[in-house]
Amino acid sequence: MIKNLVFDFGKVLVDYEFDSVLRTFFDDEAELARFKKHFVSSNFIDKCDKEDIPFQQIIDEEKAVHPEWSVQLQMFYDRYLDFVTEEVPGMRDILIKYRQKGYKLYGLTNWNSVVYKVIEKFDILQFLDDRLISSEEHLLKPDVAIYKRLCDKFGLVPGECVFADDKLPNVEGARAYGLNAIHFMNAEQYEKELITILSGE
């Protein structure tokens with residue numbers, strides 16, 4: 001029996017977009033492209049989201065390697081919240097509906113410690129009963145260990161959960177640990193697939 005709905009944050013509950021903010025850091029598009037190649041890459045974002053050392057320390061280390069971008073790197077840190085733009089349409093209503101139906105709602109996100117400013121700004125994230133954040137656990141999706149940590153921390157049975165994430169590897173990681181999982185595209189598609197899972201119980 002499904003009892004718990006688990007949600008990624010970025011591109012599932014809140015949307016984000018780097019380009020418009022990063023363009024304010026640079027006058028030259030070619031220089032912006034070089035910066036993005038380094039710092040809007042999965043490797044760098046994962047390093048920040050895992051946060052084995054504090055986010056500011058990660059930035060400071062990169063400043064030492066790339067002094068030509070010292071100002072922009074600090075802006076990347078200082079304005080990180082600005083990358084988050086809005087709620088994902090339709091998801092607030094879904095959280096409210098399924099919470100009223102008696103389902104527990106959890107978050108499972110790869111995000112650095114700025115996530116708490118995001119939670120303060122976007123109250124859709126406050127509808128969740130609890131959350132597990134990669135930068136606190138020093139684990140990242142799709143590592144199976146993070147799904148185990150989620151279940152252990154909150155006393156969840158994997159087969160009683162439905163997890164939603166916009167990134168297919170994270171969905172596959174959840175399924176590997178035994179969670180039901182939906183590859184999220186939009187609120188309508190999510191709820192349609194959720195209803196199919198619930199009707200099959």
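A crossing of two helices is called left-handed if the near helix is turned anticlockwise from the far one by less than a right angle, and right-handed if clockwise. In the present structure, the crossing of α9 and α10 is right-handed. The structure is a predicted model, in which local features need pLDDT of at least 70 and side-chain atom pairs count only at pLDDT 80 or more, while totals for chains, interfaces and linings use all residues. Residues are numbered from 1 along each chain as its sequence is written, and side-chain values use heavy atoms, with hydrogens and water left out.

The secondary structure of the protein comprises 11 helices and 7 strands, where helices (H or I, at least four residues) and strands (E, at least two) are DSSP runs numbered from the N terminus. The C-alpha trace spans about 55 × 30 × 25 Å along its principal axes. For 201 residues, a compact globule would have a radius of gyration near 17 Å, which agrees with the 18 Å of the protein; this radius is taken over C-alpha atoms, and the globule rule is 2.2 Å times the number of residues to the power 0.38.

An open sheet is formed by 5 strands in the order β5-β4-β1-β6-β7, with parallel pairing, two strands being paired if DSSP finds at least two bridges between them. Strands β5 (130-133) and β7 (180-183) stand at the edges with a single partner strand each, so one side of each is left without a neighbour in the sheet. From one strand to the next, the twist averages 20 degrees; axes are lines fitted to C-alpha atoms, for helices over the stretch in contact, and angles run from 0 to 180 degrees between N-to-C directions. Strand β4 (residues 104-109) pairs with β5 in the parallel sense over 4 bridges, and Leu-108 has Leu-132 in β5 as its bridge partner.

Val-144, Tyr-147, Lys-148 and Cys-151 of α9 meet Asn-170, Gly-173, Ala-174, Ala-176 and Tyr-177 of α10. These residues divide into 6 nonpolar, 2 polar and 1 charged, with Ala, Val, Leu, Ile, Met, Phe, Trp, Tyr, Cys and Pro counted as nonpolar, Asp, Glu, Lys and Arg as charged, and the others, Gly among them, as polar.

Helix α4 (residues 55-65) and helix α5 (residues 70-78) pack at an angle of about 165 degrees with their axes 9 Å apart, and are therefore roughly antiparallel to each other. Their crossing is right-handed. The contact includes Phe-55, Ile-59 and Lys-63 of α4 and Leu-73, Phe-76 and Tyr-77 of α5, and by class it has 5 nonpolar, 3 polar and 3 charged residues.

Conventions: Contact = heavy atoms within 4.5 Å. Parallel < 35°, antiparallel > 145°, perpendicular 65-115°, else oblique.
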